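Hello,

Here is the structure I promised to pass on to you. Open it beside this email, and then read on for what turned up in it.

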Amino acid sequence: MIQRRGYGRDLIRNVLPGFSSSSDPQDQPPIGLIAGWGSFPVEVAEHVIASGRRVCCIAITDHASTDLESICDHVKWSGVGKIGAHIRYFRRHGIRQVTMAGKLFKSELLFQGSVWIKHCPDWTAIRTFGPCLLGNRPDSRDDSLLLAVTNTYAKHSLNICPATDFAPELLVDQGHLIGTPLTQKQTRDAEFGWQVAKQMGGMDIGQSITIKDGTVLAVEAVEGTDECIARTGTLCRRGGWTLVKVSKPNQDMRFDVPTIGPQTVTRVAENGGTAIVIEADKTILVEREETFRLAKQHGITIVALAQPHAIAAAA
């Protein structure tokens with residue numbers, strides 16, 4: 001579980017950019033937040049509060065930050081499998097819009113049994129995931145599971161919205177963000193790695209790959225980006241590799257949006273990477289100042305591209 005010092009909601013409403021003193025949080029229904037791991041849910045909650053809206057949060061057990069308790073207007077801690085309880089909670093608080101933010105550890109939830117022990121699915125969850133997980137042709141891909149959740153919410157008049165609708169500032173703009181310009185080798189690796197990562201994303205396998213000298217070192221799968229990076233450090237002890245992280249070809253911005261932050265930079269540096277290439281306007285950058293500080297400290301270049309051929313323009 002991440003620990004991060006969050007602003008109190010009263011301070012956020014009166015100090016953070018975007019707050020309008022004329023707006024009354026009581027005038028509009030709250031925004032529902034389903035919070036997983038990481039600082040992304042915390043930043044989303046801060047932005048919503050700063051806009052004058054209230055936030056009622058389902059904080060996923062063993063994932064979400066306790067900082068949400070000082071930021072959100074109401075927090076309910078719950079297992080990820082309690083979908084029926086989540087829906088009743090949101091409806092009880094008069095919520096019509098719900099957003100998801102933060103990572104869920106899929107490998108632990110689906111393949112290590114903890115979903116049954118700690119997150120005990122209710123009947124609504126079983127009906128939601130049953131066709132995906134228990135049918136003749138099981139399909140536990142991220143998009144399949146999350147679309148099933150979205151459809152269940154819609155049946156109860158709850159609209160799942162992209163978190164970036166409430167915190168658009170978290171999406172990274174195109175450009176050379178920090179560090180030295182990419183070398184010719186890094187540029188070629190980024191261009192090739194971009195194509196590979198897009199193909200992996202199109203098959204709903206993962207969104208990140210690592211590459212050096214035209215050789216793909218590791219591909220992200222169910223284990224997540226951090227483990228992909230750690231595996232790369234073991235395979236390429238000479239270092240000097242590049243992480244490429246992109247959106248899926250038909251990215252649904254309501255969920256599974258590629259995200260980087262301080263932990264990404266730290267993991268890349270610890271395992272010998274020297275550059276991070278991400279997709280502009282489709283990638284979330286959390287804790288921006290700390291991310292850039294760590295990148296500068298460790299000599300990590302970060303570039304955000306709209307297309308791989310835009311590298312020269314971003315330099």
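In which sense do strand E2 and E3 pair, and over how many bridges? Strand E2 (residues 55–60) pairs with E3 in the parallel sense, over five bridges. Two strands count as paired if DSSP finds at least two bridges between them. Helices (H or I, at least four residues) and strands (E, at least two) are DSSP runs, numbered from the N terminus.

Before going further, please keep in mind that this is a predicted model, where local features need pLDDT of at least 70 and side-chain atom pairs count only at pLDDT 80 or more, while totals for chains, interfaces and linings use all residues. Residues are numbered from 1 along each chain as its sequence is written, and side-chain values use heavy atoms, with hydrogens and water left out.

The whole protein

The protein has 13 helices and 13 strands. Of its 315 residues, 53% are buried, where buried means under 20% relative accessible area, exposed means over 50%, and partly exposed is in between (1.4 Å probe, protein chains only). A contact means heavy atoms within 4.5 Å. Among the contacts with a separation of 6 or more, 76% are between residues 24 or more positions apart.

The sheet

Back to those strands: five of them form an open sheet with parallel pairing, in the order E3-E2-E1-E4-E5. At the edges are strand E3 (74–78) and strand E5 (159–161), each pairing on one side only. From one strand to the next, the twist averages 25°.

Helix H4 lies across E1, E2, E3 and E4, and runs at about 165° to E2. For these angles, axes are lines fitted to C-alpha atoms, for helices over the stretch in contact, and the angles run from 0 to 180 degrees between N-to-C directions.

The aromatic rings

Rings of Phe, Tyr and Trp (its six-membered ring) pair if their centres lie within 6.5 Å; planes under 30 degrees apart count as stacked, over 60 as edge-to-face and the rest as tilted. By this rule there are two aromatic pairs. In one of them, the ring centres of Phe90 and Tyr153 are 6.3 Å apart and the planes are at 55°, so this pair is tilted. Phe90 lies in helix H4 (residues 83–92) and Tyr153 in helix H8 (residues 142–155), so the pair ties together parts that are 63 residues apart in sequence. Phe90 is buried at 0% relative accessibility, and Tyr153 is buried at 1%. Ring pairs link Tyr89, Phe90 and Tyr153 into a cluster.

Thr124 is in helix H7 (residues 123–133) and is buried, with a relative accessible area of 15%. Leaving aside neighbours within four places in sequence, Thr124 is in contact with Ile83, Gly84, Ile87 and Thr152.

His176 belongs to strand E6 (residues 175–178) and is partly exposed, at 25% relative accessible area. A polar atom of the His176 side chain lies 2.6 Å from the backbone oxygen of Gly179.

Enjoy exploring!

Notes. A polar contact is a pair of N or O atoms within 3.5 Å; within protein, one must be able to donate a hydrogen and the other to accept it, and residues adjacent in sequence count only if both atoms are side-chain atoms.
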